[in-house]
Amino acid sequence: MSALVLRELRLAWTGGGALLPPLFFLLVATLFPFAVGPDAPLLARTGAGALWMAALLAALLPVDRLVEPDRAAGVLDQLAVRGIAEEQVALAKLAGHWVSFGPPLMLAALPATALLRLPAPTLARLELGLLAGTPGLAALTLIVAALTAGLRTTGALAGLLLLPLAVPILIFGAGLAAEGAPAAAARLLAAVSLLLVAIAPFAAGAAIRAGRS
Amino acid sequence: MSAAPLLRLEGVACRRGGRLLFEGLDLQLGRGETALVSGPNGAGKSSLIRLAAGLLEAAAGKVERPGPVALADEFLALDTKIRLAGALALWARLDGGEAGRGMAAMGLDGLADVPVRMLSTGQRKRAVLARLVASAAPLWLLDEPANGLDAEGQACLAKAAAAHLADGGAILVASHQPIGLEAGVELRLG
């Protein structure tokens, strides 16, 4: 199991795939002021919401590389032949994916909030929200990656599948980042995230198994 | 030799895409035995191998595999960005085997530090077989193992297979070319 998680980390970083989400996140933070204008109070009010949208869209980027390459190369078959359950494979992928997705995004949030001139308390709430919400986003990415593995064009379909399911994370995440957010927002965000993490190994595992026949 | 078979198929039928490939297939493979599956393209040779590996559900009948299995098919299933020894070591760790043994058996020692993506077709095939040799699983499932292998590679395979059988292993091989093994059982599909 630990060997599989380490392999996921190696694949994420050697391929450079792990760099894409934080770079995309920063790019949105750079472009957003161009779109709405450099009005500081406006940016302070809307910036955190824009960053949450960026996090959501950044979660789409790894869909192509999480499951499909392993399916096409026969790695998933070789794991199954060894009696390793698809659920266990999915869990290892989830763990490895979150480590190369959540923390880099949280790190990228530091310069991103500076670019948008967000106040320090907003940054703290955004980081807390990302800590609680990125496991749920990683879980959704994995489920969608497993569902779309083997299809010829995944891009648009992945977006259509993932984004609606990510609505609760967006609502509670952006709600938490807003000024004077109730403490309950953090708990609801964590609850949604936990639920997705709990479902993901079974949903992705079943999808991998179904994709074999 | 021993009474307990390593693979037992009983009245197995295989249906792919609504088409019945074969049915009523019986096969028993004990220690030291080899079964050769032959037949024209599309007869279901690969499907039979995948059935035996547990990757496909039989449409009817029973498939029993009491012990671990090693599969060598058309897929490389090795990480292409890292060196060959590292890529094989990942699987050897999962199998509790020894990657070096497989590489030595398939004549890959000189390529240990070469990234997998640089390997030729025949070298990749050898790497797939090296994982099989290293796994120490008693039952080998081979799908066209000689495809892409040169004469030396085929000799390595024949030698490794003979050693595996002498060790009390069993081999189910689907191939339309001879791989230098005496097959105790011959199965013709289609």
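**Chat about a two-chain model**

Q: Hi! Which residue in strand 7 of chain B is the bridge partner of B:Leu139?
A: B:Ala170 is the bridge partner of B:Leu139. Strands here are DSSP runs of E with at least two residues, helices are runs of H or I with at least four, and both are numbered from the N terminus.

Q: And what should I know about the numbering and the model itself?
A: Residues count from 1 along each chain as its sequence is written, while chains are lettered from A and ligands numbered from 1 in the order in which they are written. This is a predicted model, where local features need pLDDT of at least 70, side-chain atom pairs count only at pLDDT 80 or more, and totals for chains, interfaces and linings use all residues.

Q: How many bridges join strand 6 and strand 7 of chain B?
A: Five bridges, in the parallel sense, between residues 139-143 and residues 170-174. Two strands pair if DSSP finds at least two bridges between them.

Q: What packs on the sheet there, say touching strand 6 of chain B?
A: Helix 1 (residues 45-53) of chain B touches strand 3 (34-38), strand 5, strand 6 and strand 7, and its direction makes about 150° with that of strand 7 of chain B. Helix 4 (residues 121-135) of chain B touches strand 5 and strand 6, at about 170° to strand 5 of chain B. Contact is C-beta atoms, placed from the backbone, within 7 Å; axes are lines fitted to C-alpha atoms (for helices over the stretch in contact), with angles from 0 to 180 degrees between N-to-C directions.

Q: Nice. In what order do the five strands of the open sheet in chain B run?
A: The order is 5-6-7-3-8, with parallel pairing. Strand 5 (69-72) and strand 8 (185-188) of chain B each have a single partner strand, so one side of each is left without a neighbour in the sheet.

Q: Which element of chain B has the lowest mean pLDDT?
A: Strand 8 of chain B, at 85, whereas strand 6 of chain B has the highest, 96. pLDDT is the predictor's confidence in each residue, from 0 to 100. Chain B has a mean of 91, and the complex gets an ipTM of 0.93.

Q: Switching to chain A: is A:Leu51 buried or exposed?
A: A:Leu51 is buried, because it has 32 C-beta neighbours inside 10 Å. The cut-offs are 20 or more other C-beta atoms within 10 Å for buried, 12 or fewer for exposed, and partly exposed in between. A:Leu51 sits in helix 3 (residues 40-58) of chain A.

Q: How many residues does each chain give to the contact?
A: Chain B gives 17 and chain A gives 13. Helix 2 of chain B brings the largest share of its side, five residues.

Technical notes
Two residues are in contact if their C-beta atoms, placed from the backbone, lie within 7 Å.
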